[in-house]
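Here is a short briefing on one protein chain.

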Amino acid sequence: MCFAFFSTFSQGLQKVKEKSKNPNRVFTYHVLENSQVKEGAAEIQYKGKLGFREKGQFSQGNRSGSWEFFDFDNNLIQKYNYTSKEFEYLQNFNAVKAVYILKDQELVKIETGAIPVLLGGDAKFLYFFANNIFYPHAAMSRGATGTVGVMVTITKEGEMIRPFIPKEGDKALDAEALRVVSLMPNDWIPLYLNGEATDCLVLFYLNFHMG
């Protein structure tokens, strides 16, 4: 990771450009002069396959106000207000195929359509898989293909934890699916039921096909 500092602005802000390789990200933001506290406009660009971006404002080191999230075609897909903690615009998030909660020691499927949402939506979800997934050599040598289902817990704090394979298949494909899911950032808005953040389990599918 590398940093570049630019000239100071009249309001005592200094522009910083931070680059990282995995993910291939360029994070441009401002800090208060002579400190590392983020303040003012910021933009994050994810480069590579299916690259996308997000932009908004920092206040006293924290994201504040409305942040906009754009897909690889530069279409607005989400607008989330960090101050009011509400979506002002939201496209369907299709990566989550099913949502469950634990009730009386049993998994109950949520049928209302309420789901936890990854900030960045399908664009961020697809980006991390497209840029990190590898077809395992062991599976390739056997000609193994298929779809792997992965379940994870999204906590009421918006953290993604405890990925597992609910229906095991090819061991190499299952292991790769778990590895890639573990790279997904904890940028989640949790499931809300009756206005209250709730722990839940979600199901993803990853497709492995040769050629």
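Is Glu 43 buried, partly exposed or exposed? Glu 43 is partly exposed, because its relative accessible area is 24%, between the 20% and 50% cut-offs. The model is a predicted one. A search of the whole structure finds seven salt bridges, and Glu 43 takes part in a salt bridge with Arg 53.

**Salt bridges**

- Side chains of opposite charge can pair when their charged atoms come close.
- In the pair of Glu 43 and Arg 53, the closest N and O atoms are 2.8 Å apart. The pair links distant parts of the chain: Glu 43 sits in strand S4 and Arg 53 in strand S5, 10 residues apart.
- Arg 53 counts as buried, because its relative accessibility is 17% and buried means under 20%.
- Glu 54 and Arg 63 also meet through their side chains, at 3.0 Å from N to O.
- Glu 54 counts as buried, at 1% relative accessibility.
- Asp 170 forms a salt bridge with Arg 142, with 2.5 Å between the closest N and O atoms. This pair, too, links distant parts of the chain, 28 residues apart. Asp 170 lies in the loop between strand S13 (160–164) and helix H3 (171–181), and Arg 142 belongs to helix H2 (residues 137–142).
- One network joins Glu 54, Arg 63, Lys 124 and Asp 187 through salt bridges that share partners.

**Largest pocket**

- Rolling a probe the size of a water molecule over the atoms shows where empty space is left.
- The volume of the largest pocket is about 320 Å³.
- Its lining has 17 residues, and Tyr 80, Tyr 82, Leu 119, Trp 188 and Ile 189 lie nearest the centre.
- Strand S6 (62–70) and strand S14 (188–189) are the elements that give two or more residues to this lining.
- By class, the lining holds eight nonpolar, two polar and seven charged residues.

**Second largest pocket**

- The second largest pocket holds about 260 Å³ of space.
- Here 13 residues form the lining, with Phe 129, Ile 133, Tyr 205, Leu 206 and Asn 207 nearest the centre.
- Helix H1 (121–132) and strand S17 (200–208) each supply at least two lining residues.
- The lining of the second largest pocket splits into 10 nonpolar, two polar and one charged.

**Nonpolar surface patch**

- Leu 50, Phe 72 and Leu 126 form a nonpolar patch on the surface. Together they have about 240 Å² of accessible area.
- Leu 50 is placed in the loop between strand S4 (40–46) and strand S5 (52–59).
- With a relative accessible area of 32%, Leu 50 is partly exposed.

**Positive phi**

- Lys 85 has a positive phi of about 60 degrees, although it is not a glycine. Its loop runs between strand S7 (76–81) and strand S8 (86–90).
- Lys 85 counts as exposed, because its relative accessibility is 61% and exposed means over 50%.
- Gln 105 is not a glycine, yet has a positive phi of about 65 degrees. Gln 105 lies in the loop between strand S9 (98–103) and strand S10 (106–109).
- Gln 105 counts as exposed, at 72% relative accessibility.

Note on methods:
Residues numbered from 1 in each chain as written. Predicted model: local features only at pLDDT ≥ 70, side-chain atom pairs only at ≥ 80, totals over all residues. Heavy atoms only, no water. 1 Å grid on protein atoms, 1.4 Å probe; cavity = no way out; pocket = protein on both sides within 12 Å on 5 of 7 lines; lining within 4 Å. Points joined across faces, edges and corners; volume = space filled by probe spheres on them. Helix = DSSP H or I, 4+ residues; strand = E, 2+ residues; numbered from the N terminus. Nonpolar A, V, L, I, M, F, W, Y, C, P; charged D, E, K, R; others polar. Patch = residues over 30% accessible without salt bridge, like charges linked within 9 Å, V, L, I, M, F, W, Y side chains within 5 Å. Areas by Shrake-Rupley, 256 points an atom, 1.4 Å probe, with all protein chains shown as cover. Salt bridge = Lys/Arg side-chain N within 4 Å of Asp/Glu carboxyl O. Buried < 20%, exposed > 50% of the residue type's maximum accessible area, 1.4 Å probe, protein only.
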